Amino acid sequence: MKQYETVIGLEVHVELATKTKIFCGCSTEFGGAPNTHTCPVCTGMPGSLPVLNRKVVEFALKAGIAANCQINQYCKFDRKNYFYPDNPQNYQISQLYLPICHDGWVEIETSAGNKKVRIHEMHMEEDAGKLIHDEWEDCSLVDYNRSGVPLIEIVSEPDMRSSEEVIAYLEKLRCMMQYLGVSDCKLQEGSMRADVNLSVREVGSESFGTRTEMKNLNSFKAIARAIEGERERQIELIEEGRTVIQETRRWDDNKESSHAMRSKEDAKDYRYFPDPDLPPIHISDEWIQQIRESQPELREEKQLRYQSEYELSAYDAGILTESRHLSLLFEEVAKLCGNPKKAANWFMGEVLRLTKDKGLDVEKVSFAPKHLSDLISMVEKKEVSAQNAKKVFEKVFEEDIEPVVYIEEHGLKIVEDTGLLNDTLQKIMDENPGPLEELLGGKEKVFGFFVGKMMRELKGKASPDAVREALVKEVERRKNL
Amino acid sequence: MELETMTALELAAKIKQRQIHVVDGVKAVFDQIESKEGTVHAYLDLYKKEAYARAKEVEKGIADGTYTGSLAGVPIAIKDNICIKGKKTTCASRILENFVPQYNAEVIDRLEKAGMIIIGKTNMDEFAMGSTTETSAYGVTRNPWNTEHVPGGSSGGSCAAVAAGETFMALGSDTGGSIRQPSSFCGVTGIKPTYGTVSRYGLVAYASSLDQIGPVGKNVADCAALLEVIAGHDPKDSTSLDRQDLDFSKSLEDKKLLGMKFGVPKEFLAKGLEPEVRDSFMNVLKTLTEQGAIVEFFSVETMEYMIPAYYIIASAEASSNLERFDGVKYGYRAAEYEGLHDMYKKTRTEAFGEEVKRRIMLGSFVLSSGYYDAYYLKALRTKALIKKEFDQAFEKYDVILAPAAPYTAPKIGESLKDPLAMYLGDIYTVAVNLCGLPGITVPCGMDKAGMPIGIQMIGDCFAEKKILRAAAAYEAVRGAFPTPEKGGKKA
Amino acid sequence: MAKIIDDETIENVCILAKLSLNEEAKEKAKEDMQKMLDYVEKLDELDTKGVEPLSHIFGDQNVFREDVVTNGDNKEAMLANAPKAKEGQYQVPKTIG
C-alpha cells in the first residue's frame with residue numbers, strides 16, 4: 001500500500017466572552033430558559049436593526065494581534081444568506097470580503113518539535129440559535145438565546161498533518177483565548193467548536209487531494225477519532241479507485257463514523273454581500289496600539305518569567321501556566337507569602353493533586369490566595385506541622401476556610417511552652433511504667449516508642465524535635481534523681 | 001373655514017389658541033374618512049376609538065405643557081410598513097396578515113412625544129415594491145382626484161389620504177421615489193430626507209441602503225414641521241446620523257429665490273417625458289427665473305444607468321431582507337406542508353405577491369455565485385459614478401430640478417401588465433435614493449384631464465434647508481393648489 | 001449578450017429564494033427575468049474600471065454599542081406572533097431526518 005499524508009485545516013469558532021450579544025443588548029449568559037434572552041433584533045423581527053458591540057471588535061483585535069495577524073483597518077460585515085430555522089433572519093451577519101484579521105500564525109508544540117500553523121483569517125460573526133429535536137411530536141423547537149452571541153471564526157491554512165498537531169493547535173488557541181480573556185473556550189458548552197477540513201495525498205505529492213469538511217465535533221477526543229476515521233475513509237476510497245467528493249460530513253461520535261450532509265435544498269450559494277445595515281468599521285493605528293499595550297502577558301512570556309524571576313524549572317513553569325486562571329492564583333499566593341518557590345511547590349503538589357482527586361475543572365479552582373499564603377507562612381514559622389498544613393489546605397481548597405482561625409480552633413498550632421509538653425510526658429510515662437523502666441535502663445529502642453506516643457497525644461501541636469528534646473531532658477532528670 | 005381644509009400647522013395653532021379642541025380635528029378626519037374611504041380605500045386599519053381617547057389625553061397634555069410642539073394635537077396616518085406596538089403591521093402583504101409588532105418604530109415614539117394622534121395605517125404596494133399601490137394584497141387605493149386612476153406608489157395610501165382630507169398629514173417611506181411620485185400623482189407635498197436623517201428602526205426593510213421614512217402633507221411648511229418631529233439620531237439604527245441642523249421650519253422664514261442656483265439635467269427632458277408634464281415643468285423654470293433664480297441646464301451622463309443600478313441593488317437587498325418571512329417566527333405559515341423546506345416554499349409562494357416574488361428572484365439571481373461581480377458589484381460601481389456626477393453638480397447648484405414622474409397618475413389596471421415599463425417610470429426619482437440625497441415634491445400643475453403634476457427639488461446631502469426654502473418660495477409664488485373635488489370622480 | 005435564463009436558472013433561483021412555481025409561473029418568471037437582464041445589460045456600456053463599489057453612502061464614522069445588558073426577558077412578546085410554539089420555543093418541522 002502507498003504511503004499517505006493527511007492534510008488538515010481547521011475552522012474554529014470561538015464564542016466571545018462579552019456580556020451582551022454582538023448586535024443587541026441581550027445577555028449572552030449560557031443556560032437560560034429558552035428564548036428568555038431574546039429581543040426583536042436577535043429573533044429577526046421585521047424592522048429591527050443591528051448595532052455592533054464595540055467589545056466584539058476589541059476582542060477580535062486582541063485575538064488577531066496575539067496570533068500575529070495583519071489587521072484590515074477598514075473592514076465590513078457581509079450577509080451570508082441561507083434558510084435554516086436556527087438563523088432567524090435567514091441570513092447570518094458575518095465577514096467574507098474584508099475580515100478583521102488575516103495572515104497570522106501560531107506556534108504549536110508536538111512530540112516532533114515546534115511548528116508554525118498559519119492563520120488564513122479571523123472574522124467576526126453572529127452565532128445561530130439552538131434546535132432541539134422533539135421526538136414526541138416529530139418536530140424541532142427553536143431557542144434563540146444563543147442567536148447573536150458573538151463569535152470569531154479562526155480559519156487556518158491546511159498546515160496540520162496529524163490529529164496530534166490538530167489537538168496541539170486547538171489547545172494553543174484555547175490557552176491563548178483564555179489568557180486574553182476573550183473566551184472561556186468550553187468545548188462541552190459549545191463556546192469553542194471546530195470544523196475539520198481534511199484531505200489525503202501520497203507522501204511526496206505537491207498538490208492537495210479533494211477535501212471534506214467535518215462538523216459536529218464536541219471534544220478533543222471526538223476530533224482525534226474523526227480525523228482517524230476520515231483519513232481511513234478517504235484512503236480506502238482512493239485505494240479502491242474511487243474518488244473523494246468535496247462535501248460536508250457530520251461526525252457521529254457514538255457510531256464513530258460520519259455521513260454526508262447533502263440535500264438538494266442546500267444550494268450552498270450564500271450570496272454574500274455587504275450588510276447595508278452596518279456601516280464599515282475603521283480601526284485606527286491608535287486603537288491597535290492601545291490594544292497592543294493592553295495585551296495581557298501570554299503563556300510563553302509567563303513561562304520564561306517564572307523561570308527567571310521565580311527560579312522555577314521549565315517543567316514547573318509549564319505546568320503552572322497551563323491555565324491562566326491557576327497561574328494568576330499562583331502569582332497572588334507567591335506575592336503574598338513572598339516565597340514563589342514554596343508557593344509553586346504547593347501548587348504543583350497539593351493544588352493539582354486535589355483538583356485531580358476531586359475531578360474538578362482547573363478553571364473552577366477557587367480560594368482566597370491569602371489563605372494559602374497564611375498557611376505557607378505558618379509552616380515556615382513552624383507554627384503548624386507540614387502534615388497538618390496539608391489537611392488544613394484541603395479545607396481551604398474545599399470551603400475556603402481561614403487557616404489561622406481554623407488551626408487555632410482545632411488546636412493544631414504547635415505549642416511553644418514546655419508546660420504542656422512536660423505534662424503530657426509525665427502522663428505518658430505514668431501510663432507506661434514498663435517501657436519507662438527500659439528507657440531509664442538505657443534501652444534506646446523504646447525512645448522511639450515514647451516519641452510516637454507523644455506525637456499522637458499532642459496531635460502535631462509540637463514538633464518532633466521539641467518532643468525529642470523534652471524526652472532527653474526528662475530521662476536525664478530522672479536518671480539523676 | 002372647514003376644518004379638513006386647514007393645514008396641519010393651522011390646526012395645531014388653533015388648538016394651541018384654544019379655538020379648536022383636539023377632538024374636533026380628529027372628528028373632522030373621521031368624518032372625511034366616513035364619506036371618502038368607501039371609494040378611495042387609503043387605509044388598511046383605523047384606530048377610531050384610540051384616536052378619540054388619545055385626543056383627550058393630548059388636549060390635557062397641551063394644557064399642562066407636556067406637548068409644546070408645533071404639531072401637537074394633529075391627526076396623522078402611518079404607512080403600513082412602520083411598526084406600531086400592538087397594531088397589525090402588514091406591509092400590505094398576506095405574509096404579515098396577522099403580524100402584531102411588540103415594539104414601536106422610532107418615528108412612532110417621536111410622533112407620540114410630539115403629541116400627535118395616530119389615526120390608522122395606510123395602504124401601500126406590497127413591501128413598498130411598486131409604483132401604483134396596486135400590488136397591495138388588500139385592494140387598490142384610488143386617486144382622490146379621479147378614482148379611475150392610481151394614487152401612485154408605494155406610499156399611495158398615505159398620499160391619497162392627505163389629498164382626500166382623510167388625514168392632515170401622513171408618514172410614507174421612499175426607497176426609489178415612493179413618497180415623491182405618489183405625492184406628485186395626488187397633488188400633495190412629500191419629502192424624502194437625506195439617508196440617515198430619520199431612523200429606520202421599525203420600518204420593515206425593503207432595500208436598507210435606500211429606504212427612508214418621510215413626511216407627506218398639504219404644503220411645504222407642514223412637511224418641514226413633521227420632518228422636524230421625526231428626524232434625529234437614533235442609537236438603535238447604525239445608519240442614523242447625528243445631525244445638528246434639524247430646525248427645518250426655521251429655514252422657511254426666508255422665502256427669497258433671488259440668486260439661488262438651480263440645475264436641470266437636460267437628459268431628464270428628453271424622450272419619455274409626457275408633453276403636458278414637460279410643459280408644467282418648464283413653467284416652473286420660468287417662474288423661478290422670474291423670481292430672480294438662476295436656472296441652468298447641465299448634462300447627467302449616467303442617466304440611462306440609474307434604473308438598472310437601482311433595480312439590481314434594491315432587488316438584491318430585498319431578496320435578503322425578505323428571507324426572514326418564512327413562517328417560523330411570525331406571520332403566515334402554509335396550512336399544509338411536508339417538512340421544513342416545503343413549509344418555507346409553500347409559505348412564501350402562497351403569501352408573497354407577484355411583484356415581490358419577481359424582485360426576490362431577480363435579487364437572488366444577481367447575488368448568486370458567478371453573477372455577483374457582473375451584476376451586483378457592477379451596480380455598486382455605477383452607483384459610485386452616479387454619486388460622483390451629483391457631487392459635481394452640487395458644486396455648481398443649490399438645487400437640482402426634475403419632474404417627479406414622466407407622466408400623471410395612470411389608470412388602474414394599466415401598469416402591472418409590463419413590469420419593466422413600470423420600473424422605467426421611476427427614472428427621475430431613483431438617483432436620489434442611490435446617492436442618499438434629500439428630495440421634495442411640490443404640486444406645480446394639472447394635466448388636461450385634471451390630474452395633478454408635481455415638480456421635484458433635489459438637494460445635496462444635508463441640504464434639506466435649501467430645498468425646503470426653494471420649495472416654500474416657489475409654493476408662495478404658485479399660490480394655493482386646488483384640492484380634489486368632493487368625493488372624487490366615481491369609478 | 002445577457003445571460004440566457006433557462007429552466008435550470010429559475011429552478012436554482014427558486015431553491016435560493018424558497019419559492020415553488022408552477023409551470024405557467026415559471027415561464028412568466030423566465031420571461032420577466034430575461035427582459036430585465038437584457039435591459040440592465042446596458043450597464044456593460046459604462047466603463048467602471050478602477051471605480052470602487054459604493055456600498056454605504058455614509059460610513060466614515062464607527063457606530064458602536066457599549067457592552068451593557070439592556071434587555072430583560074422578552075420571551076412572551078417574542079413568541080406572541082409565532083405561528084406555532086411549544087414550551088416557550090418556536091415549533092418547526094423536524095430539521096434532521
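## Helix α5 of chain B

The buried residues of α5(B) are G156(B), G157(B), S158(B), C159(B), A160(B), A161(B), V162(B) and A163(B). A residue is termed buried if 20 or more other C-beta atoms lie within 10 Å of its own, exposed if 12 or fewer do, and partly exposed in between, with C-beta atoms placed from the backbone. Helix α5(B) covers residues 156-163 and is mostly covered, since eight of its eight residues are buried. Just after this helix, G165(B) adopts a positive phi of about 70°. Helices (H or I, at least four residues) and strands (E, at least two) are DSSP runs, numbered from the N terminus.

## Basis of the model

This is a predicted model, in which local features need pLDDT of at least 70 and side-chain atom pairs count only at pLDDT 80 or more, whereas totals for chains, interfaces and linings use all residues. Residues are numbered from 1 along each chain as its sequence is written, and chains are lettered from A and ligands numbered from 1 in the order in which they are written.

## Helix packing in chain A

Helix α7 (residues 324-337) of chain A packs against helix α9 (residues 369-380) of chain A at an angle of about 45°, and their axes are 8 Å apart. Axes are lines fitted to C-alpha atoms, for helices over the stretch in contact, and angles run from 0 to 180 degrees between N-to-C directions. The helices α7(A) and α9(A) are therefore oblique to each other; angles under 35 degrees count as roughly parallel, over 145 as roughly antiparallel, 65 to 115 as roughly perpendicular and the rest as oblique. On the α7(A) side the contact involves L329(A), E332(A), V333(A), L336(A) and C337(A), and on the α9(A) side P369(A), K370(A), L372(A), S373(A), I376(A) and S377(A). Two residues are in contact if their C-beta atoms, placed from the backbone, lie within 7 Å. By class, this contact comprises seven nonpolar, two polar and two charged residues. Ala, Val, Leu, Ile, Met, Phe, Trp, Tyr, Cys and Pro count as nonpolar, Asp, Glu, Lys and Arg as charged, and the others, Gly among them, as polar.

Helix α9(A) also packs with helix α10 (residues 386-399) of chain A, at an angle of about 175° and with axes 10 Å apart. These two helices are therefore roughly antiparallel to each other. H371(A), L372(A), L375(A), M378(A) and V379(A) of α9(A) meet A386(A), A389(A), V392(A), F393(A) and V396(A) of α10(A). The contact of α9(A) with α10(A) has nine nonpolar residues, one polar and no charged.

## The α13-α14 pair of chain A

Helix α13 (residues 433-440) and helix α14 (residues 445-458) of chain A pack at an angle of about 135°, their axes lying 8 Å apart. They are therefore oblique to each other, and α13(A) passes α14(A) in a left-handed crossing. From α13(A), P435(A), E438(A) and L439(A) meet V446(A), F447(A), F449(A) and F450(A) of α14(A). The residues of this contact divide into six nonpolar, no polar and one charged.

## N216 of chain A

N216(A) is located in the loop between β12 (212-215) and α3 (220-239) of chain A. This residue is partly exposed, with 15 other C-beta atoms within 10 Å. Apart from residues up to four places away in sequence, N216(A) touches R250(A) and W251(A). The C-alpha atoms of N216(A) and I414(A), 198 residues apart along the chain, are separated by 58 Å.

## Chain C

Chain C contains three helices and two strands, following the pattern α-α-α-β-β along the sequence. Its radius of gyration is 23 Å, whereas a compact globule of 97 residues would have one near 13 Å; the radius is taken over C-alpha atoms, and the globule rule is 2.2 Å times the number of residues to the power 0.38. The C-alpha trace of chain C spans about 55 × 45 × 25 Å along its principal axes. Buried residues account for 31% of the 97 residues in chain C.

## Interfaces of chain B

Between chains C and B, the contact takes 36 residues from chain C and 50 residues from chain B. On the chain C side, α1 (7-17), α2 (23-40) and β2 (89-93) are the elements that give two or more residues. Helix α2(C) gives the most to this side, with seven residues. The chain C side divides into 24 nonpolar, six polar and six charged residues.

Chain B also meets chain A, with 32 residues of chain B in contact with 27 residues of chain A. On the chain B side, α9 (303-321), α10 (340-351) and α11 (354-367) of chain B each supply at least two residues. That side has 14 nonpolar, ten polar and eight charged residues.

Technical notes. A crossing is left-handed if the near helix is turned anticlockwise from the far one by less than a right angle, and right-handed if clockwise.
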